[in-house]
Amino acid sequence: MSSPWTSPDPTQYDLGHADAVPPQNGQAAQAPQPAYPGPSGQPAFAPPGAGPASVAAPPPAYAAPDTPGNSAPTASGYSQASTWSWAPKPGIIPLRPLTLTDLFSGSFSALRKNPSVLFGFTIIVMTVVALLSLAGTMLPLFSFTSLMGDLDPQASSKALLDSAYMSVVSTIVGFIALLAGSFLAGTVLDGVLSVAVSQLVIGKKITFKQSWALVKPRLWSMLGASLLSMLAVGSPLLVLVILFFMSLYSWPGSDAFFSLFGLLLALSVPVVLASYVISIRFLYAPICAVLEEKGPIEAVKRSWALTSGSFWVTLGRVILINVVVGFIAGMIVQIIGVIAAIFMFTILEASSSDPSTVWSTIVLYGVISALQMLAYSLVVPILAAYQTLMYVDEKIRKENFAPLLAHASQG
């Protein structure tokens, strides 16, 4: 299955308009239109109707403002005369610059049209992450409980240190396993969901097998792009962490302590803001890695280019969807928390002196964590669909990509 998301080379991409447009009303045939340049580092592409040996139709680019007749809809369905015109809608969104209403309606429409991939695969992935989280919680508690239960008053200090060491090691191993598993699962999930939503844009519903066939060869690029983005976002925060530990190791009340603590406070706000700005600029890196078939570094650069000139719009849209998704997830988690609290109170009341109460509490805590993780699987597809449509909107606005999507929907 070919991807329409890379800006094609007109010598290799047949738009299906090889026939010349005959003159009408005695007018002379129009001259061929020039090719439109793609983004930096990509080949140019010609508008629909342009061919090596054809007479092209009027270009699909937006009409210049303050030009007579510029209120007519262009090939993307949008005119520069501040008016909305008809636009083709082969899939979940109209192929024109998108409004907030388009983004939200398209996101929920994607969930309705392909729930088996967007919801089904998300639940599977989040279940695996929940099991890893449960294991990461149980291993340290099991190690600590065993250490306290087997505590021998006659044991040597070396034996106690060895047991404590194993408890700490199990905690670290569990945390690393959870972090690595969550990172891999999140990357795969982002890739599959973005591919499924991108196909729904052109009116094609694909299965998980087809989505995975597109994601699999791009998996390493996606992992690399996500890792580079995470390192770029985390680097400013690492400065705060280093200053924090340096202040802990300095003597409280000393001049060095107050200097480091003051520097930590002074840098906290700009460093956090810098990290958030970088996260917005690299928002589309994993999507570019899988849809545009770019390497990790190229995907990061591509995301930076797409968000250039539209940072504040992107920021506002991201904040809005995070508020909406956070509210939905918060309501679900709150309901689960109330039910769990009732069960917790029942268990503690029924067996307050039973030694197994500790294990019952541990198991209940793991179940609550798993249910909360699964609750987020209901809102993750909304966020993924919304961000993919934001990426599509940037392509349409900055690269006049609507005609190519319209053509891809007919294939």
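Biologist: What share of the 411 residues in the chain is buried?

Modeller: Happy to start there, and do keep in mind that this is a predicted model. A residue counts as buried when its relative accessible area is under 20%. For the 411 residues of the chain, the buried share comes to 40%.

Biologist: How many helices and how many strands does the chain have?

Modeller: Reading along the sequence, the pattern is α-α-α-α-α-α-α-α-α-α-α-α. The count is therefore 12 helices and zero strands.

Biologist: Staying with Ala225, is it buried or exposed?

Modeller: The relative accessibility of Ala225 is 0%, and the cut-off is under 20%, so Ala225 is buried.

Biologist: Let's turn to the pocket. Which helix gives the most residues to the lining of the largest pocket?

Modeller: The largest pocket has a volume of about 1100 Å³ and a lining of 34 residues, with Gly186, Asp190, Leu283, Leu383 and Gln387 nearest its centre. Elements that give two or more residues to this lining include α2 (115-149), α3 (157-201), α5 (219-249) and α11. The top contributor, with nine residues, is α3.

Biologist: How many charged residues are in that lining?

Modeller: The lining of the largest pocket divides by residue type into 23 nonpolar and 10 polar residues. The charged part of that lining is one residue.

Biologist: On to charge pairs: which residue meets Arg96 in a salt bridge?

Modeller: Side chains of opposite charge can pair when their charged atoms come close. The structure holds eight salt bridges, and the one at Arg96 has an N to O distance of 2.7 Å. Arg96 is buried at 14% relative accessibility, and its partner, buried at 9%, is Asp102.

Biologist: Why are Lys398 and Glu394 separated by about one helical turn?

Modeller: An α-helix has 3.6 residues a turn, so residues three or four places apart point the same way. Lys398 and Glu394 form a salt bridge with their closest N and O atoms 3.4 Å apart; Lys398 is partly exposed at 36%, while Glu394 is buried at 4%. They are about one turn apart because their spacing in helix α11 (residues 380-399) is four residues.

Biologist: Which residues are joined with Lys395 and Glu399 into one network of salt bridges?

Modeller: Glu399 and Lys395 pair at 3.3 Å, N to O, and they sit four residues apart in helix α11. Glu399 is buried at 9%, and Lys395 is buried at 0%. Through salt bridges that share partners, the network also takes in Glu292 and Arg302.

Biologist: Now the backbone: where does Glu293, with its positive phi, lie?

Modeller: Most residues other than glycine have a negative phi, and most peptide bonds are trans. Glu293 has a positive phi of about 55° without being a glycine, and at 53% relative accessibility Glu293 is exposed. Its place is the loop between α7 and α8 (296-306).

Biologist: And is Asn400 buried or exposed?

Modeller: Asn400 is another non-glycine residue with a positive phi, about 50°. Asn400 lies in the loop between α11 and α12 (402-409). With a relative accessible area of 11%, Asn400 is buried.

Biologist: One last question: how many of the eight residues of α12 are buried?

Modeller: The buried residues in α12 are Ala402, Pro403, Leu404, Leu405, Ala406 and Ala408. This helix is largely enclosed by the rest of the structure, because the number of its eight residues that are buried is six.

How values were computed. Residues are numbered from 1 along each chain as its sequence is written. This is a predicted model: local features need pLDDT of at least 70, side-chain atom pairs count only at pLDDT 80 or more; totals for chains, interfaces and linings use all residues. Side-chain values use heavy atoms; hydrogens and water are left out. A salt bridge is a side-chain nitrogen of Lys or Arg within 4 Å of a carboxyl oxygen of Asp or Glu. Buried means under 20% relative accessible area, exposed over 50%, partly exposed in between (1.4 Å probe, protein chains only). On a 1 Å grid over the protein atoms alone, a cavity is a set of points where a 1.4 Å probe fits but cannot get out, and a pocket is an open set with protein on both sides within 12 Å along at least five of seven lines; lining residues have an atom within 4 Å of a point. Grid points are joined across faces, edges and corners, and a volume is the space filled by probe spheres set on the points. Ala, Val, Leu, Ile, Met, Phe, Trp, Tyr, Cys and Pro count as nonpolar, Asp, Glu, Lys and Arg as charged, and the others, Gly among them, as polar.
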